[in-house]
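Here is my note on the model below. Please read the points alongside the coordinates.

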Amino acid sequence: MPPHKKWVRVLSSMELSIVCFSLLMALTVICTLAQVPLGTHAAVERTIRTFFVWWRPQGAAFSLPVFPGGGFVGLLLLVNLLTAQFLRLEWSRRKAGMWLAHLG
């Protein structure tokens with residue numbers, strides 16, 4: 001199987017959807033717990049509205065990515081939904097409602 005077909009299969013898999021939803025649940029918990037020391041706005045900015053959650057070791061001038069952020073997981077989930085939609089759902093009048101629901 002050509003490498004690009006393997007990538008398309010992975011990007012359209014249900015397993016990737018489950019991993020993304022699990023990561024979003026973990027991000028929700030992390031953001032909720034971070035609201036106590038940081039406040040609501042800062043916690044959302046650092047976990048949900050970023051591509052990676054960064055950690056800066058004490059006294060260091062650099063930061064390390066420790067967890068995927070909401071932007072990265074959301075983008076990956078969007079790619080997953082679009083690839084699965086176009087590869088697996090048939091193009092017929094009978095499935096028009098399903099297409100409309102997913103496009104919404």
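1. Basis. This is a predicted model, in which local features need pLDDT of at least 70, side-chain atom pairs count only at pLDDT 80 or more, and totals for chains, interfaces and linings use all residues. Residues are numbered from 1 along each chain as its sequence is written, and side-chain values use heavy atoms, with hydrogens and water left out.

2. Salt bridge. A search of the whole structure gives 1 salt bridge (a side-chain nitrogen of Lys or Arg within 4 Å of a carboxyl oxygen of Asp or Glu). The partners are Arg49 and Glu45, with 2.9 Å between the closest N and O atoms. Arg49 is exposed, at 56% relative accessibility. Glu45 is partly exposed, at 33%. Here buried means under 20% relative accessible area, exposed over 50%, and partly exposed in between, with a 1.4 Å probe and protein chains only.

3. Nonpolar patch. Phe51, Phe52, Trp54, Phe72, Leu75, Leu78, Val79, Leu82, Phe86 and Trp91 make up a nonpolar surface patch. Together they have about 1000 Å² of accessible area (Shrake-Rupley method, 1.4 Å probe, only the protein chains shown counting as cover for residues). Patch members have over 30% relative accessible area and no salt bridge; nonpolar side chains (Val, Leu, Ile, Met, Phe, Trp, Tyr) are joined within 5 Å, like charges within 9 Å.

4. Which elements carry the patch? β1 (52-55) and α4 (70-88) each supply at least two of its residues. α4 gives the most, with 6 residues. Trp54 belongs to strand β1. Helices (H or I, at least four residues) and strands (E, at least two) are DSSP runs, numbered from the N terminus.

5. Thr47. This residue sits in helix α3 (residues 40-47). Thr47 is buried, with 4% relative accessible area. A polar atom of its side chain lies 2.7 Å from the backbone oxygen of Ala43. Leaving aside residues up to four places away in sequence, Thr47 touches Leu27, Ile30, Cys31, Val53, Gly69 and Gly70 (contact: heavy atoms within 4.5 Å).

6. Cysteines. How many disulfides does the structure hold? There are 0, a disulfide being a pair of cysteine sulfur atoms within 2.5 Å. Cys20 is in no disulfide, and its nearest cysteine sulfur, that of Cys31, is 18 Å away. That 18 Å between the sulfurs of Cys31 and Cys20 is too far for a bond. Cys20 is buried, at 0% relative accessibility. Cys31 is buried as well, at 5%.

Definitions and conventions. Polar contact = N/O pair within 3.5 Å; in protein donor to acceptor, adjacent residues only side chain to side chain.
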